[in-house]
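Please examine the following two-chain model and consider how its parts are arranged. The explanation below begins with the packing of helices and then turns to the contact between the chains, the strands and the confidence of the prediction.

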Amino acid sequence: MSDTHELDELLQRATAPHMHFDPAAAIATGRRVRRRRRIAAAAGALAAVTAVGVALTAAVPGSAPLLPAGPTQGRAVSPKPTGSAGPSPTERCFPSDTERGTPWASGSAEGSQRGGRVVVEATVREGCGEDVAGMGEVNGDAQVTVMFKDAPTTAQWVVADAAVLFLPKGLQPCGYSFGTDLPAPTTLPQANGWDLVIQPVPSELLRKAAETGTVDLCRGSTTVTRGLKQIGWNGPGTKWAADHQSSGTK
Amino acid sequence: MTSQRELDEEFAEFARGAAPRLLKAAWLICGDPHQAEDLVQAAMVKVYLKWSRLREGSPLAYARRCLVTTHIDTHRRTGRETTVAQTPEAGSWDRSWDDTDEVVRLLATLPLRERQVVVMRHYAGLPEAHVADLLGISVGTVKSSASRGLAKLRQVLHPTGGAPGDARSAEVREGNHV
């Protein structure tokens with residue numbers, strides 16, 4: 001027998017110790033990695049992958065959750081700081097792949113830009129330094145993820161594929177700045193007493209809605225809030241985005 | 001359009017079929033079953049992330065590539081290799097060898113690159129061109145690495161004169177072999 005064949009046989013014959021591999025664990029880890037990548041991309045203001053129709057876009061915590069444009073929004077920025085200031089407020093939202101936060105609201109409705117449903121999941125992440133929203137796509141459904149730094153006490157909303165509103169019971173949207181002839185919204189009562197409202201937005205209005213959209217809120221026929229801005233507007237999120245965009249790092 | 005559930009099931013079926021040989025290949029390369037499990041797990045996660053594109057191609061080849069590159073990355077992070085003839089009390093890089101199969105002890109006498117080439121050529125049964133592509137080296141390097149590795153293993157397996165231990169002593173090396 002040649003040395004080569006002897007080596008082949010030796011390697012084949014070698015008894016390996018018992019080793020274990022769990023495909024389900026690999027899938028679960030892969031999902032977490034995928035989800036984390038999407039949301040991390042969101043934190044930088046925008047990321048769009050369009051070549052294969054799979055888009056990861058999002059935005060957070062800035063003024064334009066989706067398809068932003070304009071002098072301070074035209075490029076993506078890294079969510080990772082390179083300085084020594086420690087993790088950014090957004091990065092603190094993701095201390096590990098295993099921590100998903102406390103579920104706060106969820107639901108889905110028809111009306112995705114991609115033809116599927118808009119699936120919303122909102123959680124409270126105490127590690128977050130700001131409210132964060134992100135969006136991805138799974139099989140034609142828009143997956144909107146919102147992470148609140150604290151459980152909201154006032155109405156919150158964001159445009160990500162559709163307008164997503166978190167409203168205390170009794171409030172309803174009664175006017176948007178970006179358009180008037182909108183499809184009917186879906187209101188999904190939550191166990192916490194709030195309403196999740198998913199408002200489909202026509203594609204031609206989406207950019208405007210994401211960039212500058214505000215909403216009026218009514219209780220009955222009385223307007224109680226005018227021009228409510230989206231998550232991150234004029235708040236820590238905006239400052240965070242501005243810091244990163246002006247310097248490229250933090 | 002294939003649903004995510006169907007893709008996951010496809011991947012799981014592939015992973016169950018490929019894992020045993022990948023685990024053994026990883027074990028032969030790194031010498032430690034726990035590290036082998038970690039390497040295969042990491043490689044499979046990478047395969048999963050690209051499954052929709054890989055499923056029509058060669059997911060196993062990609063898995064092997066991920067396995068090898070992940071091991072190289074780990075190896076570089078944990079420091080340079082020091083392979084010795086006498087089994088150390090504690091593993092100098094991957095782990096100690098004293099509880100592993102004889103063949104792993106033999107392979108441990110080879111530098112990492114030669115070990116990878118030998119395992120991929122003689123265990124995975126890959127052609128030289130595939131090994132070259134997998135490891136990012138030339139076919140000539142694959143041939144020379146395989147030849148050197150084989151010669152060293154031959155010397156250990158069939159020492160001419162002296163005890164096997166003497167032959168192995170000749171294999172003592174220190175330093176960077178990557």
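A crossing of two helices is called right-handed if the near helix is turned clockwise from the far one by less than a right angle, and left-handed if the turn is anticlockwise.

Two packed helices are described by the angle between their axes and the distance between the axes. For H1(B) and H2(B), the axes lie 8 Å apart and the packing angle is about 140 degrees. H1(B) is therefore oblique to H2(B), since angles over 145 degrees would be needed to count as roughly antiparallel. The crossing of H1(B) past H2(B) is right-handed. On the H1(B) side, the contact is formed by Phe11(B), Ala15(B), Ala19(B), Leu22(B), Leu23(B), Ala26(B), Trp27(B) and Cys30(B). H2(B) contributes residues that include Pro33(B), Leu39(B), Val40(B), Met44(B) and Tyr48(B). By class, the residues of this contact comprise 15 nonpolar, 1 polar and 1 charged.

H1(B) also packs against H6(B). Their axes come within 9 Å of each other and cross at roughly 150 degrees, and this crossing too is right-handed. Here Ala25(B), Leu28(B) and Ile29(B) of H1(B) meet Arg115(B), Gln116(B), Val119(B) and Tyr123(B) of H6(B). The contact of H1(B) with H6(B) is made up of 5 nonpolar residues, 1 polar and 1 charged.

The helices of chain B also take part in the contact between the chains. In that interface, 29 residues of chain B are in contact with 24 residues of chain A. Helices H1 (4-30), H2 (33-49), H6 (112-123) and H8 (139-157) of chain B each supply at least two residues of the side that touches chain A. H1(B) provides the largest share of that side, with 11 residues. Of the residues on the side of chain B that touches chain A, 19 are nonpolar, 4 polar and 6 charged.

Chain A may now be followed through its strands. Three of them form an open, antiparallel sheet in the order S7-S10-S11. Its edge strands are S7 (171-176) and S11 (222-228) of chain A, each of which pairs on one side only. From one strand to the next, the twist averages 30 degrees. S7(A) is joined to S10(A), residues 215-219, by 5 bridges in the antiparallel sense; within this pairing, Gly175(A) has Asp216(A) as its bridge partner.

A further antiparallel pair is formed by S8(A), residues 186-189, and S9(A), with 4 bridges between them. Leu188(A) stands opposite Leu196(A) of S9(A). The hairpin of S8(A) and S9(A) has 4 residues between its strands, and Gly193(A) there takes a positive phi near 95 degrees.

Among the elements of chain A, S9(A), residues 194-200, has the highest mean pLDDT, 94, whereas H4(A), residues 236-247, has the lowest, 36. Over residues 233-250 of chain A the pLDDT is below 50, and this stretch has 39 contacts in the model beyond near neighbours in sequence. Residues 45-87 of chain A likewise stay under 50, with 119 contacts in the model beyond four places in sequence.

Terms used
Residues numbered from 1 in each chain as written. Chains lettered and ligands numbered in written order. Predicted model: local features only at pLDDT ≥ 70, side-chain atom pairs only at ≥ 80, totals over all residues. pLDDT = per-residue confidence, 0-100. Contact = placed C-beta atoms within 7 Å. Nonpolar A, V, L, I, M, F, W, Y, C, P; charged D, E, K, R; others polar. Axes fitted to C-alpha atoms, helices over the stretch in contact; angles between N-to-C directions. Parallel < 35°, antiparallel > 145°, perpendicular 65-115°, else oblique. Pairing = 2+ DSSP bridges.
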